[in-house]
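The following note sets out points for a colleague to read alongside the model. Please consult the sequence and coordinates while going through them.

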Amino acid sequence: MSKQRSMARPLTRRFCPVNKPEIVIRSDAGALARKAAEQFVARANQAVTHAGRFAVALSGGSTPKALYSRLASAEFRDSLDWPSVHLFWGDERCVPPDHLESNFRMVHETLLARLPVAPENIHRMPAEKEPSEAAAAYESELKTFFRLENGAWPVFDLILLGLGEDGHTASLFPGTTVLDEAKHCVAAIYVAKLRSYRLTLTLPVINAAAQVTFLVSGTSKAKIVREIFGSPEASFDYPAAKIRPSEGQLTWMFDADAAKELPPSIITEIGVAE
Ligand code: 6PG
């Protein structure tokens, strides 16, 4: 039986996920990358043991570069059964794969160029295509890979996410219509403030995952972190605050700079995981 989930309960301000979110704090970006690599390996080996494969959606931007580099390093590369690892992308800029802005290119340079990952295990978003065509193509790739039945959402073993200073995550930006998407797994979205198109996994897919992990690093993120955790209801308009896996685990991984304005009440309430 392929990993899929039927339509989740509607996401509302008061929605309470099954699992309490976890908070992990590390002293700096290097230690954060190591902790994220350890979780990646643990989740991968767990999935391969149970289902014979590990399906992960990678995040873009700059923060995960250190993680991808670490996974390709001698310290971690042999701890994974790479032939069983299937790499997907959580979002992409609508540019060719060799473009400087390409999230695929970033992952290629930091991870794929240094590891023997088989081409059939690399599920790149075809972002050089016309945006809605690219979204439709990736949607059918997900349907095939997860052997999805109608109306079901794929269950990724792990989805990695970043956090923008405006509260966006993946390419789910504040005030954009994609936040209401309840039918498709993948969307093409025009982001006015970037004057460009993006491809992104939609909220239902992210919230159907078994594990969702935010990697957040640097002082520039401290304010948005404070706002998201400061008042869960008020911050619900931030796309990142809408990430509440229905049955999976949510983990926020911070370095000390990004976590420095986390409300103490949250630390008390949620606690900091090892
Ligand atoms: C992208 C990302 C995006 C990113 C945040 C944080 O394609 O840009 O997927 O959601 O994670 O913008 O970016 P940084 O890690 O560069 O701060």
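1. Strand 5 and strand 10 (residues 196–201) run antiparallel and are joined by three bridges. Strands here are DSSP runs of E of at least two residues and helices are runs of H or I of at least four, numbered from the N terminus; two strands pair if DSSP finds at least two bridges between them. Asp91 has Thr200 of strand 10 as its bridge partner.

2. The model is predicted: local features need pLDDT of at least 70 and side-chain atom pairs count only at pLDDT 80 or more, whereas totals for chains, interfaces and linings use all residues. Residues are numbered from 1 along each chain as its sequence is written, and side-chain values use heavy atoms, with hydrogens and water left out.

3. An open sheet of seven strands, with parallel pairing, has the order 2-12-11-8-3-4-6. Its edges are strand 2 (22–26) and strand 6 (122–123), each with a single partner strand, so one side of each is without a neighbour in the sheet. Within it, strand 3 (residues 54–58) pairs in the parallel sense with strand 8 (residues 158–161) over two bridges, and Ala57 has Ile159 of strand 8 as bridge partner.

4. Helix 4 also lies across strand 3, strand 4 (85–89) and strand 6, at about 155° to strand 4. Helix 6 (residues 222–230) packs on the seven-strand sheet, touching strand 2, strand 11 (211–216) and strand 12 (249–255), with its direction at about 145° to that of strand 12.

5. Which residues come nearest to the ligand? Of the 14 residues around the ligand, they are Ser62, Thr63, Asp91, Ala170 and Lys221; a residue is near if one of its heavy atoms lies within 4 Å.

6. A ligand oxygen atom is 2.6 Å from a backbone N or O atom of Ala170, and a ligand oxygen atom is 2.9 Å from a side-chain N or O atom of Asn103.

Note on methods
Polar contact = N/O pair within 3.5 Å; in protein donor to acceptor, adjacent residues only side chain to side chain. Contact = heavy atoms within 4.5 Å. Axes fitted to C-alpha atoms, helices over the stretch in contact; angles between N-to-C directions.
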